[in-house]
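I am opening a notebook on this structure and writing down what I look up, one entry at a time.

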Amino acid sequence: RQQTPPQEVNIEIKYLDANTISYNGYSISNCGNVHDKPPEIHALLAFLHRMKPQLERVIKDSQQGTRSLHGYSAFFKSDRNIRKVAAAYQQMVDASPIIVSAERAKVIGKRTPQPLFRCLKEGDPNTTKIMDGCKSGAQYGFAGNNPILITPGTELIYVCPVFFELTQFPPPKRACPTLGSDGQFKPGEMSLLTFGFSYIVYALALMYDRGMYDLLDNRQELRDMQYAVELNSRVSMLNAASYGFYAGGLNSPQPCLWW
């Protein structure tokens, strides 16, 4: 059945069960009842409402390939990758089903569920161990608390409390990351991956292409922008952070990250 939530998010949603709703193909669970106006559910609905057109802008820019002035050449290197890059982002626009592991399929009763955002909250006894992961800052190599957590082979995107403190989308005309005097980004530079939007793009890239996990496990430094721009055209397609970096740089001034 279709419901219209309160005016804070003037969009239509679908109720899947008492704790889960669906919008734009994505499911949201344990984030509160829409009509009770909890901030988490409205923040996520507003985020998903903006995410689709923003991704469509990324796809449009990627179709320019190496003529793009927003970082395609920096992160994907070759016009031969245009179709694959655009297809990766299109999966996110469409909220394409995730191919989960056989073990996960047994639990949920299906092999290709839709991506599911699940909110984590302090004090919830059912998610204490997962909440510890939110505080570790270790899963993705980020300093401080993790904004999101994902588990290989599942459709789950755990949304940590700190996610709601992030700037969700790159602001208009944001500054371009600057190179040092040696022509390289400073060690640990990852400013394009500090928005809710680029974090989610990063996570979805990993979830849609399970082959990226092997690279992630073997090369922890690939969340560093300098390492990302040094990858060759083949390996760059397997680096989930490259998708997040590129999406996060779309609002930078022209030319930015133009190699």
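**Entry 1: helix 1 against helix 6**

I began with a pair of helices: helix 1 and helix 6 pack with their axes 11 Å apart, at an angle of about 75°. The model I am reading is a predicted one. An angle from 65 to 115 degrees counts as roughly perpendicular, and helix 1 and helix 6 are therefore roughly perpendicular to each other. I then listed who makes the contact. Helix 1 supplies Phe47, Met51, Gln54, Leu55 and Val58, and helix 6 supplies Gly196, Phe197, Ile200 and Val201. Sorted by class, the residues of this contact are seven nonpolar, two polar and no charged.

**Entry 2: the chain as a whole**

I stepped back to get the overall counts. I found ten helices and seven strands in the protein chain. The chain has 259 residues, and 53% of them count as buried. I also looked at how far apart in sequence the contacting residues are. Among contacts with a separation of 6 or more, 62% join residues 24 or more positions apart.

**Entry 3: helix 1 against helix 3**

I went back to helix 1 and looked up its meeting with helix 3. Their axes come within 9 Å and cross at roughly 175°. Over 145 degrees counts as roughly antiparallel, and helix 1 and helix 3 are therefore roughly antiparallel to each other. On the helix 1 side I noted Met51, Lys52, Leu55, Glu56, Val58, Ile59 and Ser62. They meet Ile82, Val85, Ala86, Tyr89, Gln90, Met92 and Val93 of helix 3. This contact of helix 1 with helix 3 has ten nonpolar, two polar and two charged residues. Comparing my lists, I see Met51, Leu55 and Val58 of helix 1 in the contact with helix 6 and again in the contact with helix 3.

**Entry 4: helix 3 itself**

Does the length of helix 3 agree with its residue count, or disagree? Helix 3 covers residues 82-94, and at 1.5 Å a residue its 13 residues should span 18 Å. The end C-alpha atoms are 18 Å apart, which agrees.

Next I asked which residues of helix 3 are buried. They are Ile82, Val85, Ala86, Ala88, Tyr89, Met92 and Val93. Seen down the axis of helix 3, these buried residues fall within an arc of 155°, so they line one face of the helix. Exposed Arg83 and Lys84 are on the face of helix 3 turned away from the buried side.

I looked for what covers the buried residues of helix 3. The cover includes strand 4 (26-29), helix 1 (39-62), helix 2 (72-76), helix 6 (196-208) and helix 10 (240-248).

**Entry 5: helix 10**

Helix 10 is part of that cover, and I checked its own burial. The buried residues are Ala240, Ala241, Ser242, Tyr243, Gly244, Phe245, Tyr246, Ala247 and Gly248. That is nine of the nine residues of helix 10, so the helix is largely enclosed by the rest of the structure.

**Entry 6: Met131 and helix 5**

I picked Met131, which is found in helix 5 (residues 128-136). Is Met131 buried or exposed? Under 20% relative accessible area means buried, and Met131, at 5% relative accessibility, counts as buried. Leaving out residues up to four places away in sequence, Met131 touches Leu120, Lys121, Glu122 and Pro161. For Leu120 I also noted the spacing: Met131 and Leu120 are eleven residues apart in sequence, and their C-alpha atoms are 6.7 Å apart in space.

In helix 5, Met131 is buried along with Gly133 and Cys134. Strand 6 (148-150) is included in what covers them.

**Entry 7: two asparagines on either side of strand 4**

Asn24 is in the loop between strand 3 (20-23) and strand 4. Asn24 is not a glycine, yet its phi is positive, about 55°. With a relative accessible area of 31%, Asn24 is partly exposed.

Asn30 lies in the loop between strand 4 and helix 1. Asn30 also has a positive phi, about 60°, although it is not a glycine. Its relative accessibility is 34%, and Asn30 counts as partly exposed.

Terms used. Residues numbered from 1 in each chain as written. Predicted model: local features only at pLDDT ≥ 70, side-chain atom pairs only at ≥ 80, totals over all residues. Heavy atoms only, no water. Helix = DSSP H or I, 4+ residues; strand = E, 2+ residues; numbered from the N terminus. Expected span 1.5 Å × (residues − 1). Buried < 20%, exposed > 50% of the residue type's maximum accessible area, 1.4 Å probe, protein only. Arc of directions from axis to C-beta. Contact = heavy atoms within 4.5 Å. Axes fitted to C-alpha atoms, helices over the stretch in contact; angles between N-to-C directions. Parallel < 35°, antiparallel > 145°, perpendicular 65-115°, else oblique. Nonpolar A, V, L, I, M, F, W, Y, C, P; charged D, E, K, R; others polar.
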